[in-house]
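Work through the exercises below with the sequence and the model side by side, and try each task before reading its solution.

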Amino acid sequence: MAAAARFFIRGAPLKVPVSGVGCGAQSCFEATLLKLSPSSNSRTKTQRRHASHFTFQPDPEPTQYGPTQKMNLFQSVTSALDNTLASDPTAVIFGEDVAFGGVFRCTVGLRDKYGKDRVFNTPLCEQGIVGFGIGAAVAGATAIAEIQFADYIYPAFDQIVNEAAKYRYRSGNLFDCGNLTIRAPWGCVGHGSLYHSQSPEAFFAHCPGIKVVIPRSPVQAKGLLLACIADQNPCIFFEPKILYRAAVEQVPVEPYTIPLSQAEILQEGSDVTLVAWGTQIHVMREVAKMAQEKLGVSCELIDLQTILPWDTETVCKSVAKTGRLLISHEAPITGGFAAEISSTVQEECFLNLEAPISRVCGYDTPFPHIFEPFYIPDKWKCFEAIKKMINY
Amino acid sequence: MAVVRSMNKMYGVCFHVVRQTAGLKASRLLQHRAFRVSVVQGQQPFDSTLEKPQFPGASAEFVDTLDFIQPNVISGIPVYRVMDRQGNIINPTQDPQLSKETVLNFYQKMTLLNTMDRILYESQRQGRISFYMTNYGEEGTHIGSAAALDPRDLVFGQYREAGVLMYRGFPLDLFMAQCYANADDLGKGRQMPVHYGSKDLNFVTISSPLATQIPQAAGAAYAVKRENMNRAVICYFGEGAASEGDAHAGFNFSATLECPLIFFCRNNGYAISTPTNEQYRGDGIAARGPGYGMLSIRVDGNDVFAVYNATKEARRRAVAENQPFLIEAMTYRIGHHSTSDDSSAYRSVDEVNYWDKQDHPISRLRHYMTARGWWSEDDERSWRKQSRKTVMEAFERAEKRLKPNPELMFTDVYQEMTPGLNKQRESMWRHVKQYKEHYPLDLYVK
């Protein structure tokens, strides 16, 4: 299964994209588009990619944690891992191809700095990687496992759901694997098709005992990843791979944590609550702007950040105020995590709701290759949903 | 032919190692080391000037005739044995020379486990506990291997290794508490019976999904290696569980990541009703070891000294050399798979009787002790009486004890109580108090 992975990522580590092949970030798209002359023939037109479906907006520079450095998302992940290896001598990082720096460059330089017994390749076997990580955590080490793509986490589903999530409970707290963190690239990337695009968070949201966390930016990525590593429960940390290079902002160099199970209100508003996570936050930011400009609608934007256990309080409080809720995620709609949020809010805020809760999600199909622009819940689909909700 | 020859050579070396492993002599270390380096880490440096294969994936010669490698199933890896069925030591150089106290302890732990099995099995038949799995016929594998370990060595098991806990001194009261899921259960009554665990005794809590513990043991062994505290990890599993993908993962990871780990396979001929010829077609489990670059041996699981010797040497070398070992203990599952199974539906009573009456680990050790004058009929009678009494007393205490407070259903899901869970906990209590006549509250600790 990771044979497909290797095929896909071959171009990804390139610093300067020379063609449109295998480059997942916004900057690559721009470079690609630049190369195309206005007189491009129909053949190049069919080769041209759909422009990025979002615009990354950096957050204000956090100053409370000391000096900052300009980092993209993969660099902020490296920074978090670096901080961990430096402060915790038991911490180890392992997975497929992490030793040379990882296929997305998240572990670059760590093996040289901390030794090959701490940053090492495993055989190509996801159930083994997670089982191995659980065992290391049970024996007292801080285990940071990498699954090369979230799409390939399913072979480890048994180890995650039946083992990692239930370790503490079933042993009466005699044993636990709370020191385990599983990182995995996540979400659509423009051309990842079925097995390099998935957002599997809802599969795990049905599993008591684990935490599932998804950041939207380099600052969030570092703070939330360090929180996952420090947390005494097994955590799955999904990294939106389309942001690895596209998102750049000032990130504190020293370690800091951002609390889990706490949603963040990114923009206050009064007419409608928008809830999303990961890349979709950036889509929603634009949607909020469009709604304000075109409809005069004031949106409150919430980044959920932690899928499980999620912050019901922040979301319900917001909906009690706005009376309307739109939830959006890339994953398919049926059984997606929006369903859980929606039914909870309906239970908690029944008297406040002025319109049916709206879910703008991926369709109930596998994630397609050439049809990606039509598949994703982009800003136009979200905008239309707001329009309908306001006019309800 | 060169390939065939080198394969034979490899297996030859392998057999040699197998035969010598229990020799307990450090002088053979160099030779073992050489074997490992040539076979396991055999990837040669690239040299284009040589007229030989340069493929990075294997170290081998070219061959100019077409020959498939034959699996050697008819004449498999031999079964290492120290004493015969009458308890006579076959080869004095292999006698572990254990003291009388040690051997008596082996015997008493094996028979105590057997007594506990009989009582708990019956208690399930009477509906007093919900489920049970006996250890009949496999007592020797537990005690022999457990005795060869350091008490600090971490144990990962499947579910038929209660003897390991017994050997390490797990109290009868706690065995019973777990099966009864009463308020004394360290696991807080959450798992089915026989899913034991003990932090103090370094025995990782059992879980039902088969083979999941195998790659976990590899990870634990890796962590233990980095601690550098002279500890090893042992991982038990049945021959059926060895078919799971996780077994493959664990074997391969422990070899490539050089983990001080002993894989201990209990090959008892059956996985519930499935006989081994429907489980695999190779030469059992031991034959898979060399394919992973792992030193492997097959032992007579009804011979507690053979199990002891093999585990002792594997443990010594696993720690000294940071590499995994595979021990396949050949036994026979005398009891039913579990209390939910009637094994007469798929195997003959004669077959079961042979192993129970003519080749049993307990009777074999008893022969050995009797021949030395360490054990008499009187000793046997009084020990039987005494062990039965201790087990029954623990049994009665466990049965009288209340179940844990229902509150414990909600704790330990996460380290902390989450707000969502807290709400559900409160909601349960509100409901149960309102409808208290419909819930068995008086059986539970308040």
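**Exercise 1.** How do the residues of the lining of the second largest cavity divide into nonpolar, polar and charged?

*Solution.* Begin with the ground rules: this is a predicted model, in which local features need pLDDT of at least 70 and side-chain atom pairs count only at pLDDT 80 or more, while totals for chains, interfaces and linings use all residues. Residues are numbered from 1 along each chain as its sequence is written, chains are lettered from A and ligands numbered from 1 in the order in which they are written, and side-chain values use heavy atoms, with hydrogens and water left out.

Grid points are joined across faces, edges and corners, and a volume is the space filled by probe spheres set on the points.

A search of the whole structure finds 10 cavities of 30 Å³ or more, and the second largest cavity has a volume of about 100 Å³. Its lining is made by 15 residues, with Gln178(B), Asp185(B), Gly187(B), His195(B) and Gly197(B) nearest the centre. Sorted by class (Ala, Val, Leu, Ile, Met, Phe, Trp, Tyr, Cys and Pro nonpolar; Asp, Glu, Lys and Arg charged; the others, Gly among them, polar), the lining of this cavity holds 5 nonpolar, 7 polar and 3 charged residues.

**Exercise 2.** Which helix gives the most to the lining of the largest pocket?

*Solution.* The largest pocket holds about 1,200 Å³ of space. It is lined by 33 residues, and Trp310(A), Thr312(A), Gly420(B), Leu421(B) and Gln424(B) are the closest to its centre. Helices here are DSSP runs (H or I, at least four residues), as strands are (E, at least two), numbered from the N terminus. At least two lining residues come from each of α9 (201–205), α13 and α14 of chain A and α13 (419–434) of chain B. Among these, α13(B) gives the most, with 7 residues. By class, the lining of the largest pocket has 14 nonpolar, 10 polar and 9 charged residues.

**Exercise 3.** At what angle do the axes of α13(A) and α14(A) cross, and which residues make the contact?

*Solution.* Take the axes as lines fitted to C-alpha atoms over the stretch in contact, with angles running from 0 to 180 degrees between N-to-C directions. The axes of α13(A), residues 312–322, and α14(A), residues 337–348, come within 10 Å and cross at roughly 60°. The two helices are therefore oblique to each other, given that angles under 35 degrees count as roughly parallel, over 145 as roughly antiparallel, 65 to 115 as roughly perpendicular and the rest as oblique. Contact (heavy atoms within 4.5 Å) is made by Thr312(A), Val315(A), Cys316(A) and Val319(A) of α13(A) with Ile341(A), Thr344(A), Val345(A) and Glu348(A) of α14(A). These contact residues divide into 5 nonpolar, 2 polar and 1 charged.

**Exercise 4.** Which residues of α3(B) and α6(B) meet?

*Solution.* The axes of α3(B), residues 100–125, and α6(B), residues 172–180, come within 12 Å and cross at roughly 30°. That makes α3(B) roughly parallel to α6(B). Leu112(B), Met116(B) and Leu120(B) in α3(B) meet Leu172(B), Phe175(B), Met176(B) and Cys179(B) in α6(B). By class, this contact has 7 nonpolar, no polar and no charged residues.

**Exercise 5.** Where are Pro309(A) and Asn228(B) found?

*Solution.* Most residues other than glycine have a negative phi, and most peptide bonds are trans. The peptide bond from Leu308(A) to Pro309(A) is cis, with omega near -15°, and Pro309(A) lies in the loop between β12 (306–308) and α13 of chain A. Asn228(B), although not a glycine, has a positive phi of about 60°, and Asn228(B) sits in the loop between α7 (213–227) and β3 (233–238) of chain B.

Key. On a 1 Å grid over the protein atoms alone, a cavity is a set of points where a 1.4 Å probe fits but cannot get out, and a pocket is an open set with protein on both sides within 12 Å along at least five of seven lines; lining residues have an atom within 4 Å of a point.
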